[in-house]
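Hi everyone, thanks for making time.

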Amino acid sequence: MSRNPQDLKKKERELLAKEAELNKREQDLKRREEALARAGVFIEPKNWPPFLPIIHVDISNDIPVHLQRVQYIAFASLLGLVICLFWNIICVTAISIMWGDPKAWFLAAIYFITGCPGAYYSWYRPLYRAMRKESAFRYGWFFLFYFFHISFCIYAAISPSIYFVGRSLTGIFQAINVIGYNGPVGILFFLGFAMFVLEALLSIWVIQAERSQEKGKEEIEQRRGVIHGWQVEDKASKGGSAGQSSYSGGAFYTTQSRPSAPPSSHLSPLPPEPADFYNDFSTPVDIPMDSSKDMKTRERELHAKEAELNKREKEIKRREEAAARAGIVLEEKNWPPFFPIIHNDIGNEIPVHLQRTQYVAFASLLGLVLCLFWNIICVTAAWIKGEGPKIWFLAVIYFILGCPGAYYLWYRPLYRAMRNESALKFGWFFLFYLVHIAFCVYAAVSPSILFVGKSLTGIFPAISLIGKTVIVGVFYFLGFAMFCMESLLSMWVIQRVYLYFRGSGKEAEMKREAARSAARAAF
């Protein structure tokens, strides 16, 4: 096939530009999908069990066809755990009546009450959403908690006699022990043992099948990468050979010496070619068929990808419109700018007359983070000076739990309350912000209760330590000053918010909502 090299180069540049544009669109769609997922816009109506829907399960419509078998068996594993724990309560009830041991029954009830919803939320729903959305993070979450599930099933099938814990599970040891006292109850325990064994084997099959699925995906990706590499190398080699054949001659540039005519030849030598004989791009040249086919294949792939992105964009747009109609605001993570982990856009989302209060509340959040971080530094110094590791671990726990806890428990409810004028969220903010103020005041005092006192940089530990090591004492005094400033700032914030809450009529609205809720509950 004859084709102009300039047209071929132009076509290749167009395809590369289109591929870059599609990749950019794909990243944008992924970001929008994540924002919708964080906002909970992916509606999951409760549809199972049909007679009393409490969870969402729609495998045939939500899960891709090649993953449905594994998902169905994982769902059977969830139901199997529910049956095992329910049967366990029946068996332990019988043995509690026989031996008068209520402790084992209470433990069996706790296993059922916490195990069933815990299994659904900790590993089944993450697996369901991972298969639906191909989320690597949710797969990791599933594997983590599913290993705990399998370990529990194996432990329950054995059920060693550890105080009264052994009698609270229908394992093999307890079945052998009980059948000597009461044959029917022992048979019930043996049935429970068999059920836990089946549940463990089924769970092991599920995790093996899921792991095989992950390995298969990795192998496919590797093969695609190798094939792509081969195609690139093949194009490069063909391009090199084509270039050598087309541009290797000329009056002023030659790659090989032109052999001279033999002296015995009767042919007269040819006249010299013009200088631009080999550089004339206007004449068509032969392009290998393979390059043209590769380009057509690539073009078809890009068209298919564009069609898929158009379909995804329509679905995302539909969900965004549904979210807008429902009054749901998509919160895209944008702070801090260098590593966004939270959403904070006070200038655009909060009314002007409330922005000052919101900015000071945000400063209060950052102040708490700074106080807890400085607290770790001070307690680390105290540990080095011989105060023991317990206070350091407590300081780390304060930081790990306090920073995200403050954001989710009182700052985000206040942010959303200011943005949406929600009376309920104001009430949530007041509840946990009072706890926050109480903690800051307690940290500023930090009484010596066992080893807890020196885990916070309060005034009492500062006075105690400055007599031993001046540097650590000064650090603690700085921490005391920071907690005092944080307490005062927090008191200013809650006062301002409460004045707005009362002045805007939200207090009365909240009381009416509480009265309506109480009336509905009474009826």
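Let me start with a question: leaving aside its neighbours within four places in sequence, which residues is Ile-341 in contact with? Have a look while I say that what you see is a predicted model. Okay, here we go: Ile-341 is in contact with Lys-333, Trp-335 and Pro-336. You'll find Ile-341 in the loop between H8 and H9. Is Ile-341 buried, partly exposed or exposed? Its relative accessible area is 46%, so it counts as partly exposed.

The peptide bond joining Trp-335 and Pro-336 is cis, with omega at about -5°. As background, most peptide bonds are trans.

Now jump back towards the start of the chain. The bond from Trp-48 to Pro-49 is cis as well, with omega near -5°. Pro-49 is placed in the loop between H1 and H2.

That loop, between helix H1 (5-38) and helix H2 (59-62), is also where His-56 is found. Buried or exposed, what would you guess for His-56? It's buried: the relative accessible area is 9%, and the cut-off for buried is under 20%. What does His-56 touch, not counting residues up to four places away in sequence? The list is Glu-44, Pro-45, Lys-46, Asn-47, Asp-62, Tyr-120 and Tyr-128. With Asp-62, there's a polar contact of 2.9 Å between the two side chains.

Tyr-120 and Tyr-128 are on that list, and they take us to helix H4, residues 102-133. Still, H4 bends by about 40° at Tyr-124, and a proline, Pro-126, follows within four residues.

Next, two serines. Ser-159 is found in the loop between helix H5 (136-158) and H6. Its phi is positive, about 55°, although Ser-159 is not a glycine. Just for context, most residues other than glycine have a negative phi. Ser-159 is buried, with a relative accessible area of 1%.

The other one is Ser-446, in the loop between helix H12 (423-445) and helix H13 (459-466). Phi of Ser-446 is near 55°, again a positive value in a residue other than glycine. And at 1% relative accessibility, Ser-446 counts as buried.

For a contrast, take Tyr-181, in the loop between helix H6 (172-179) and helix H7 (183-247). At 60% relative accessibility, Tyr-181 counts as exposed. How far apart are Tyr-181 and Met-98 in sequence and in space? They are 83 residues apart in sequence, but 9.5 Å apart in space, going C-alpha to C-alpha.

Last thing: the annotation. An unreviewed UniProt entry places "transmembrane region" at residues 72-99, 105-123, 143-165, 185-207, 359-384, 390-411, 423-445 and 465-494. What do a couple of those look like in the model? Residues 185-207 are 100% helix and 0% strand, with end C-alpha atoms 33 Å apart. For residues 423-445, the span is also 100% helix and 0% strand, and the end C-alpha atoms lie 33 Å apart.

Key. Residues numbered from 1 in each chain as written. Predicted model: local features only at pLDDT ≥ 70, side-chain atom pairs only at ≥ 80, totals over all residues. Heavy atoms only, no water. UniProt positions renumbered as here; feature names shortened; annotations may be inferred. Buried < 20%, exposed > 50% of the residue type's maximum accessible area, 1.4 Å probe, protein only. Polar contact = N/O pair within 3.5 Å; in protein donor to acceptor, adjacent residues only side chain to side chain. Contact = heavy atoms within 4.5 Å. Expected span 1.5 Å × (residues − 1). Bend = angle between axes of the 7 residues up to and from the residue.
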